[in-house]
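Hi everyone, thanks for making time today. Let me put the structure up.

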Amino acid sequence: MKMILFRKFRVLILMVFLIACSMHIMIDLLPKLERRSNAACSCPHRPSEEPQNWGKHRPRSGPDSGWPNKHTLRILQDFSNEPSSNLSSHSLEKITAAGDKTEALKRLEHFAQNSEGKKQFIGDANRSKNVPVKGSRLSALYEHHLYKRPLPTLTDEDTLFNVNTDIRFDPKAAENQEWHTQGKEGEYTQNGELSADAYPNWLRFHIGINRYELYSRHNPVIDAMLKDLVSQRITSVAMKSGGTQLKLIMTFQNYGQALFKPMKQTREQETPPDFFYFSDFERHNAEIAAYHLDRILDFRRVPPVAGRLVNMTKEIRDVTRDKKLWRTFFISPANNVCFYGECSYYCSTEHALCGKPDQIEGSLAAFLPDLALAKRKTWRNPWRRSYHKRKKAEWEVDPDYCEEVKQTPPYDSGTRLLDIIDMTIFDFLMGNMDRHHYETFEKFGNETFIIHLDNGRGFGKHSHDEVSILVPLSQCCRVKKSTHLRLQLLAKEEYKLSTLMEESLRRDRLAPILIRPHLDAMDRRLRLVLQVLSDCIEKEGYANVVEDDLSEPQQTAAAAAAPAAPLAPATHRR
């Protein structure tokens with residue numbers, strides 16, 4: 001009797017296992033069957049009908065979906081300090097050898113052969129919206145002599161990539177001939193020889209990076225790139241791995257990529273007073289405003305950022321191949337499209353991001369070159385906060401902490417300490433307390449600028465000035481002369497910082513970006529910065545506080561710099 005029961009139990013377990021396997025196979029086959037049925041049906045679906053047929057949609061990945069094939073998914077770009085930061089949570093998005101420079105170069109070569117041909121990087125007539133009005137305060141600022149200081153002569157060691165403008169790419173030498181002419185306006189075709197001038201704007205931005213700046217002051221590529229961020233068709237979306245809050249990697253039709261931070265707070269909302277700085281929301285408008293502030297301060301260390309209104313259905317859900325992201329979409333009781341993704345904080349149904357009904361604001365920050373092509377070094381900020389509810393960092397309890405920092409490489413020589421002070425002032429004007437690390441391009445060694453990444457926790461409180469952000473300035477009492485003079489200039493009525501920011505932000509598609517109290521807070525904080533510097537000068541003397549960086553262009557040694565990455569193996573001269 002026991003044997004019979006045991007056999008029946010074994011048969012039952014086997015049947016359950018077979019049923020489970022069958023269901024798993026059916027679930028995997030369902031998207032293919034749906035794609036076939038969708039291909040057989042040519043009837044269009046209106047956006048208003050999509051929420052009603054929610055269960056019938058799956059992520060598209062077929063040849064007609066607009067998703068680039070696997071060989072065209074380049075690893076040219078990256079936004080954060082993690083080597084795998086441009087990898088999604090979906091296995092098909094991952095690159096098996098992200099650190100393989102040869103593979104990255106092959107991808108770049110393939111793009112060069114399949115890029116946009118004769119498409120001009122300068123926009124159409126709509127571009128005029130981004131051009132400052134004649135006589136504007138912003139244009140007057142950029143005409144000031146402090147904003148016209150020339151760079152030292154650039155050598156091969158001073159540029160991130162070396163590009164011979166007399167060399168043209170030969171598409172016939174392409175190993176992969178899968179590129180086909182689309183024949184549609186705005187698509188990118190294989191169209192004869194391609195010179196460096198015909199590169200897309202994101203690649204021209206990368207090529208322009210040098211030892212001293214991410215981009216030049218009056219580079220028309222940057223304005224054209226800002227337009228691309230809001231107008232290029234989105235072909236794929238994936239969640240960014242790592243990080244505490246949801247961020248999406250968006251790929252465009254021209255193979256450019258950007259980091260999308262969705263709107264979490266309205267313009268009027270302030271950070272709740274009981275929130276710790278490390279649990280604050282990351283604001284999309286803070287990323288946009290930080291880019292404009294960085295440009296007005298003439299640092300030019302923040303990658304271009306633009307605001308965009310995104311259709312969550314057509315431009316995220318329907319183009320993603322990230323199953324983990326796709327599964328978090330739902331329809332709210334108010335019939336709005338929502339999703340929440342996966343992250344450490346605020347990724348749950350209670351903190352879902354909802355559209356109106358499927359439109360959502362967000363910031364798009366242009367990617368930097370991929371780590372495989374241009375390695376970046378991550379540095380711990382000496383004035384990093386404890387990121388603990390009760391503990392304090394060393395600099396918070398030791399008033400002579402800066403003296404210790406000054407004895408530690410790379411802060412004991414060069415301009416690194418002064419660059420930290422620049423970043424401190426930048427963060428204080430925004431109210432950003434979340435600056436735990438920073439990055440530099442490894443090729444340039446220690447003699448280069450700091451990249452100002454991840455500014456989403458700025459502009460959280462306009463009613464409060466967090467003076468602890470200024471501790472590096474008050475402890476070290478050091479500043480560049482150029483920075484000091486520009487701050488004094490921006491404190492004058494004719495070049496008032498809030499007025500310049502308001503004018504600059506007006507160009508963004510999502511304007512207004514900041515409400516008036518935030519603009520006024522920047523003027524108030526600027527006065528506090530100048531007061532701290534005035535106290536330092538009074539205490540230690542002008543020559544001991546203000547470092548003269550305006551006398552002569554400073555030529556930096558680059559003996560240890562690695563050779564620049566080549567951009568084309570198959571080339572010929574005209």
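Let's start with Pro357, which sits in the loop between strand S9 (353-354) and strand S10 (359-366).

Before I go on, a word on the background. This is a predicted model, where local features need pLDDT of at least 70 and side-chain atom pairs count only at pLDDT 80 or more, while totals for chains, interfaces and linings use all residues. Residues are numbered from 1 along each chain as its sequence is written, and side-chain values use heavy atoms, with hydrogens and water left out.

When I say helix or strand, I mean DSSP runs numbered from the N terminus: H or I of at least four residues for helices, E of at least two for strands.

Now, which residue is joined to Pro512 by a cis peptide bond? That is Ala511, and omega there is about 0°. You'll find Pro512 in the loop between helix H14 (497-505) and helix H15 (516-540).

Asn335 has phi of about 65°, and its place is the loop between strand S7 (330-331) and strand S8 (337-339). Tyr346 has phi of about 60° and belongs to the loop between S8 and S9.

Are they buried or exposed? Buried means under 20% relative accessible area, exposed over 50%, and partly exposed in between, using a 1.4 Å probe and protein chains only. Tyr346 is buried because its relative accessible area is 19%. Asn335 has 39% relative accessibility, so it counts as partly exposed.
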